[in-house]
Amino acid sequence: MSMSNPNEVLFHFIQLGLTYSVCFVVWIMLLIGLGQYLRDIYNQIRPARKSIRRLFPSHQASH
Amino acid sequence: MSNQVTIDAFTPPEIAEHMENIGVKKANLDFWSMITLAILAGSFIGFGAELFTLTVTHSGLGYGLNKLVGGFVFSLGLILVVIAGAELFTGNNMIIMAWVSRKLTLGQVMRNWTIVYFGNFLGSLGLVLLMYFSRQWTFADFHIGATALNIANAKVNLSFTEGIVRGILCNILVCLAIWLCASGRSVIDKILAIIFPITAFVASGFEHSIANMYFIPMGILLRGEPNVLAAAGLTASDLVNLNFHGFVLSLISVTTGNIFGGGFMVAVVYWFIYRRPENFKARFKNGQIANIFLELFQFNRSNKAGKSEQR
């Protein structure tokens with residue numbers, strides 16, 4: 001693509017803008033969503049971790 | 001009369017409510033049901049893709065008609081998904097509607113998408129292996145395999161922007177097919193509602209991330225077959241991008257486009273038209289747009305929860 005033509009430069013920037021804005025919206029949403037999903041998983045396994053600690057108090061003390 | 005029987009299609013506001021409720025049900029499925037249904041959906045879409053490959057090989061039709069017939073038979077995939085029941089990632093992008101209505105959290109949406117995407121991948125790969133071992137690609141003097149190879153090679157040679165834009169356009173049509181399906185009451189209604197949007201997206205050459213999970217791995221397997229290469233008139237140097245790296249890059253761009261097209265350009269748009277809350281306009285006018293987004297992403301709630309835990 002020759003950058004000497006102003007229309008082509010404009011078209012190129014519109015194309016880049018479209019690509020990056022779609023990626024930004026989707027990837028930010030996916031990142032936040034995956035963070036929340038992992039937090040939900042952690043909250044689910046936390047009670048289990050506590051009960052394991054209660055079952056093995058000596059293991060906890062050794063640390 | 002409340003118990004009046006009707007055969008009229010559901011109206012768009014009824015479809016919108018129905019889609020929200022379906023989204024909640026889908027997101028609350030247990031892990032094993034969800035992954036099994038997702039594996040089924042991956043293989044169903046693979047069957048559509050396989051039939052497409054077979055049909056467009058040496059059909060003797062012109063370019064447009066050939067694509068049209070290919071698109072028509074590809075509808076098999078979504079018909080199986082909708083009528084037989086399965087969890088398809090691209091269709092599940094519509095779950096966003098239940099999220100923006102605050103019936104689901106973003107974490108629940110992401111749980112569904114992650115499990116379903118992985119399950120679709122497993123289902124597609126399983127079908128690729130079965131099709132490869134069936135040696136169906138040797139039919140018509142290896143020209144079935146040559147068509148599969150050409151399709152896969154064209155898909156991995158798309159630029160990033162092309163992948164995103166074709167992904168957006170594809171999932172607009174797929175989610176519109178799902179939307180139209182929800183308006184139907186009978187199996188025939190649903191099948192007819194699926195055929196035209198799916199034919200349109202396949203014939204137009206748009207990109208479907210789950211279909212690509214069949215097409216590209218099939219091409220990667222077939223690139224090592226000399227007879228297929230000879231039938232396609234290709235050499236190894238023509239297929240430099242047809243590898244795992246090209247597959248992953250293609251999936252990233254097409255999946256991003258699919259999420260944007262289905263989730264934002266269909267689900268959110270229809271939510272805004274039919275399901276936005278009464279006070280949305282007033283809050284928008286009062287400059288509370290930032291609060292709306294923060295609530296949606298649960299930043300306010302998690303901060304409050306964090307503070308109460310600290311106390």
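Reader: How do you know how many salt bridges join domain 1 of chain B and domain 2 of chain B?
Author: A salt bridge needs a side-chain nitrogen of Lys or Arg within 4 Å of a carboxyl oxygen of Asp or Glu. Across this interface the rule finds zero. Mind you, this is a predicted model, where local features need pLDDT of at least 70 and side-chain atom pairs count only at pLDDT 80 or more, while totals for chains, interfaces and linings use all residues. Side-chain values use heavy atoms, without hydrogens and water.

Reader: What makes these two parts domains 1 and 2 of chain B?
Author: The bounds come from an automatic or database domain assignment, which gives 12-276 for domain 1 and 280-311 for domain 2. Their centres, taken over C-alpha atoms, lie 36 Å apart.

Reader: What is in contact there, then?
Author: Contact means heavy atoms within 4.5 Å, and eight residues from domain 1 of chain B and six residues from domain 2 of chain B take part.

Reader: How do you know the area that these domains bury?
Author: Buried area is the accessible area (1.4 Å probe) that two parts lose on being put together, summed over both. Here that comes to about 640 Å², with 69% on carbon and sulfur atoms. On the domain 1 side, W99(B), R102(B) and T105(B) supply 60% of the area, more than any other three residues.

Reader: And what area is buried between chain A and chain B?
Author: About 1800 Å², of which carbon and sulfur atoms give 77%. In chain A, M29(A), Q36(A) and Y37(A) lose the most area to chain B, together 31% of that side. The salt bridge count between the chains is zero.

Methods:
Residues numbered from 1 in each chain as written. Chains lettered and ligands numbered in written order.
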